[in-house]
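Open the model in your viewer and keep the selection panel at hand. The stops below each give a selection and then what is found there.

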Amino acid sequence: MNAKKAAAEKAVEYIKDGMVIGLGTGSTAYWAIMRIGELIKDGLKISAITSSAASEALAIECNIPLAPIGSFDKLDIAIDGADEVDEQLNLIKGGGGALLREKIIASNSRQFFVIIDESKLKTRLGEFPLPVEIMPFGSWLTVKHIQDLGCKPVIRRKDGKDFITDNNNRITDCSFSRIDDAVALNMQLHEIPGVVETGLFAKQMVSRLFVGRGDGTVRVMQP
Ligand code: 5RP
């Protein structure tokens with residue numbers, strides 16, 4: 001059994017008729033979107049808000065009714081993957097480059113469900129380079145300030161060009177090796193002009209963590 005699929009399908013079990021659901025981005029969120037599509041075929045009535053052009057295309061393929069982000073005060077549940085999760089359920093996200101919309105959706109949801117396979121669970125964050133979304137204007141200067149915080153930042157490239165986010169920004173992937181205080185680092189990064197958003201999801205944003213294992217079982221953790 002695919003561990004990502006198992007985690008995603010367990011999280012989807014919490015979705016009920018009438019809910020507004022935030023759809024994440026990536027290979028784990030893919031399975032959640034596919035499962036929601038199946039349930040819609042069987043009569044589930046929900047609407048969804050997507051965190052990226054890729055998730056939107058998949059949701060449309062699955063006939064999931066979409067709504068604009070401004071049409072609700074709060075979403076009921078956001079479901080999304082993560083690149084790393086520590087013991088306090090702080091996250092690194094943004095491996096797929098959708099961190100800004102993902103954070104807006106997660107912060108405006110009553111419940112934020114994170115779905116991962118067990119390889120993403122770590123004692124502390126930092127092995128995975130932290131994605132930081134930055135403005136293209138003055139990006140090299142922004143990167144220099146980020147580097148001063150003690151990391152090795154690399155502007156993300158794709159197909160021989162700078163990677164461009166759905167918001168027309170850039171991503172710099174920052175190798176910190178270890179992140180001891182995710183809340184403090186997130187604040188320090190936000191003080192740098194040109195930083196739009198960071199992939200650090202701290203301050204107990206997570207309501208439930210679904211950890212899929214290779215044997216198809218899922219461990220559900222709460223903060
Ligand atoms: C995209 C993300 C993803 O949730 C994260 O990169 C995990 O991806 P995957 O489920 O493919 O391992 O933050 O911006």
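Start with the largest nonpolar core, which has 24 residues; select Ile 36, Ile 46, Ile 64 and Ile 79, the members that touch the most other members. Colour next the elements that give two or more residues to this core: the helices are H1 (3-12), H2 (29-41) and H3 (53-61), and the strands are S1 (20-23), S3 (75-80) and S6 (109-117). Keep in mind that this is a predicted model.

Stay on Ile 79 and show its contacts, leaving out residues up to four places away in sequence. Ile 79 touches Ala 11, Val 12 and Ile 15, then Gly 22, Leu 23 and Gly 24, and also Ala 32, Phe 113 and Ile 115.

Now select Thr 25, in the loop between S1 and H2. Is Thr 25 buried or exposed? Its relative accessibility is 17%, and because the cut-off for buried is under 20%, Thr 25 counts as buried. Draw a distance from its side chain to that of Ser 51: the two make a polar contact at 2.7 Å. Beyond residues up to four places away in sequence, Thr 25 touches Ser 51, Ser 52, Ser 55, Asp 80, Ala 98 and Glu 102.

Select the surroundings of the ligand. Which of the 18 residues around the ligand come nearest? They are Ser 27, Thr 28, Asp 83, Gly 94 and Lys 120. For Lys 120, a polar side-chain atom lies 2.8 Å from a ligand oxygen atom. For Gly 95, a polar backbone atom is 3.3 Å from an oxygen atom of the ligand. The ligand taken alone exposes 380 Å², of which the protein buries 91%.

Move to Ser 139, in helix H5 (residues 139-147). Ser 139 has 12% relative accessibility and so counts as buried. With residues up to four places away in sequence not counted, Ser 139 touches Ile 134 and Ile 155.

For the last stop, select strands S14 (residues 208-212) and S15 (residues 218-221), which run antiparallel and are joined by four bridges. Phe 210 stands opposite Val 220 in S15. The two strands, S14 and S15, form a hairpin with five residues between them. Finish on Gly 216 in the turn, where phi is positive, at about 90 degrees.

Note on methods. Residues are numbered from 1 along each chain as its sequence is written. This is a predicted model: local features need pLDDT of at least 70, side-chain atom pairs count only at pLDDT 80 or more; totals for chains, interfaces and linings use all residues. Side-chain values use heavy atoms; hydrogens and water are left out. Two strands pair if DSSP finds at least two bridges between them. Buried means under 20% relative accessible area, exposed over 50%, partly exposed in between (1.4 Å probe, protein chains only). Contact means heavy atoms within 4.5 Å. A nonpolar core is a set of buried Ala, Val, Leu, Ile, Met, Phe, Trp, Tyr and Cys residues joined through side-chain atoms within 4.5 Å. A residue is near a molecule or strand if one of its heavy atoms lies within 4 Å of it. A polar contact is a pair of N or O atoms within 3.5 Å; within protein, one must be able to donate a hydrogen and the other to accept it, and residues adjacent in sequence count only if both atoms are side-chain atoms. Accessible areas come from the Shrake-Rupley method with a 1.4 Å probe; for residues, only the protein chains shown count as cover.
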